[in-house]
Number of protein chains: 2
Amino acid sequence: MRLTQYTDFSIRVLIYLGLHPDRRCTIQEIAEGYNISRNHLMKVVQQLASAGFVTSARGSGGGLTLPRAPDQINLAEVVAEMEPDFAMVECFRENNECVITPACRLPPMLARATRAYLDVLRQYSLADLLGKSDAAKMKLLLRSA
Amino acid sequence: MRLTQYTDFSIRVLIYLGLHPDRRCTIQEIAEGYNISRNHLMKVVQQLASAGFVTSARGSGGGLTLPRAPDQINLAEVVAEMEPDFAMVECFRENNECVITPACRLPPMLARATRAYLDVLRQYSLADLLGKSDAAKMKLLLRSA
């Protein structure tokens, strides 16, 4: 059981923006900071923007900022938005061919477990991911990448 | 966020065996019952056996049985055993290259969420997955597959 790289990268983008609240950041510098593919980040940022988790300004002097304070950006909401699905087993998907589906008791159990997972993440915001002392350390780590 | 097909199939095998407590079942009939690949099931059953979730008898008249009562087979234990990992993001893996890892606060949050997920599943056993009325219905569905 994993989150997608897509969600992983989206959290990294938000952390990066949270670490630099005083200016716009470019996809280029975020990609360089984490040493990851700029192309991957483009799509991630596009969805983050369309979901309202980042604000994107075009043109020279453009770049990305957070549209609200880090304590207003909830981790469960980010994960729920960025994960393609929470289709734990086949019967959660459209092309389900599992024959016992009409009588199976597994789906509500897995749905409850998934809710519990997201309920834990709902207790955290981007502000919790930053934290003063760790934020300074992360900024240094990103600069030396 | 998904479970692997491997875990999905392993739960189906256990349900099948739980539905037929009075006899040994073959991989062949389970594959036919669910209309899934026998080759996939082979590996699943091998790991289920080596983890002690099924007992496998070789030779003619051989086949699979449950080594203990369904209420003694815990869903969280099955999922924890059969999932390749719970490596939610890159830093949970060996080849981690995320530069902010030494200062990042995300891993313990995701670990807590994963524990909450498994804690819900720990409340259920294979007996809960069967249930009398649904068991009869599932047996019919498997026969008509």
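Tutor: This is a predicted model, so every value here is computed from predicted coordinates. Along the sequence the pattern reads α-α-α-β-β-α-α-α-α. The C-alpha trace spans about 55 × 30 × 25 Å along its principal axes. Of the 145 residues in chain A, 34% count as buried. Contacts between residues 24 or more positions apart make up 65% of the chain A contacts with a separation of 6 or more.

Now the helix pair. Helix 2 of chain A covers residues 27-34, and helix 3 of chain A covers residues 38-50. Their axes come within 9 Å and cross at roughly 125°. The crossing of helix 2 and helix 3 of chain A is right-handed.

Look at who meets whom. From helix 2 of chain A come Ile27(A), Gln28(A), Ile30(A) and Ala31(A). From helix 3 of chain A come Arg38(A), Leu41(A), Met42(A) and Val45(A). By class, the residues of this contact are six nonpolar, one polar and one charged.

The loop between the two helices holds Asn35(A). Phi of Asn35(A) is near 60°, a positive value in a residue other than glycine. Asn35(A) has 11 other C-beta atoms within 10 Å, so Asn35(A) is exposed; the limit for that class is 12 or fewer. Chain B has its own Asn35(B), in the loop between helix 2 (27-34) and helix 3 (38-50) of chain B. Asn35(B) is not a glycine either, and its phi is positive at about 60°. Asn35(B) counts as exposed because it has 11 C-beta neighbours inside 10 Å.

Leave aside neighbours within four places in sequence. Val13(A) is then in contact with Ile30(A), Leu41(A), Val44(A), Val45(A), Leu48(A) and Val54(A). Among these, Ile30(A), Leu41(A) and Val45(A) also take part in the contact of helix 2 with helix 3 of chain A. The largest nonpolar core has 85 residues. Val13(A), Leu14(A), Val13(B) and Leu14(B) touch the most other members of that core.

Thr65(A) lies in strand 2 of chain A, residues 63-65. Not counting residues up to four places away, Thr65(A) touches Leu17(A), Arg24(A) and Thr55(A). Thr65(A) counts as partly exposed because it has 15 C-beta neighbours inside 10 Å.

Ala80(A) has 17 C-beta neighbours inside 10 Å, so Ala80(A) counts as partly exposed; buried would take 20 or more. Ala80(A) and Leu118(A) are 38 residues apart along the chain, and their C-alpha atoms are separated by 7.8 Å.

Now step out to the partner chain. In chain A, 43 residues are in contact with 43 residues of chain B. Helix 1 (5-19), helix 5 (106-121), helix 6 (126-130) and helix 7 (132-143) of chain A each give two or more residues to that side. Helix 5 of chain A gives the most, with 10 residues. The chain A side divides into 29 nonpolar, three polar and 11 charged residues.

Helix 1 (residues 5-19) and helix 7 (residues 132-143) of chain B pack at an angle of about 110°, with their axes 10 Å apart. These two helices of chain B are therefore roughly perpendicular to each other. Helix 1 of chain B brings Ile15(B), Tyr16(B) and Leu19(B) to the contact. Helix 7 of chain B brings Ala135(B), Met138(B), Lys139(B) and Leu142(B). By class, the contact of helix 1 with helix 7 of chain B has six nonpolar, no polar and one charged residues.

How values were computed
Residues numbered from 1 in each chain as written. Chains lettered and ligands numbered in written order. Predicted model: local features only at pLDDT ≥ 70, side-chain atom pairs only at ≥ 80, totals over all residues. Axes fitted to C-alpha atoms, helices over the stretch in contact; angles between N-to-C directions. Helix = DSSP H or I, 4+ residues; strand = E, 2+ residues; numbered from the N terminus. Left-handed = near helix turned anticlockwise from the far one by under 90°. Contact = placed C-beta atoms within 7 Å. Nonpolar A, V, L, I, M, F, W, Y, C, P; charged D, E, K, R; others polar. Core = buried A, V, L, I, M, F, W, Y, C linked by C-beta atoms within 7 Å. Parallel < 35°, antiparallel > 145°, perpendicular 65-115°, else oblique.
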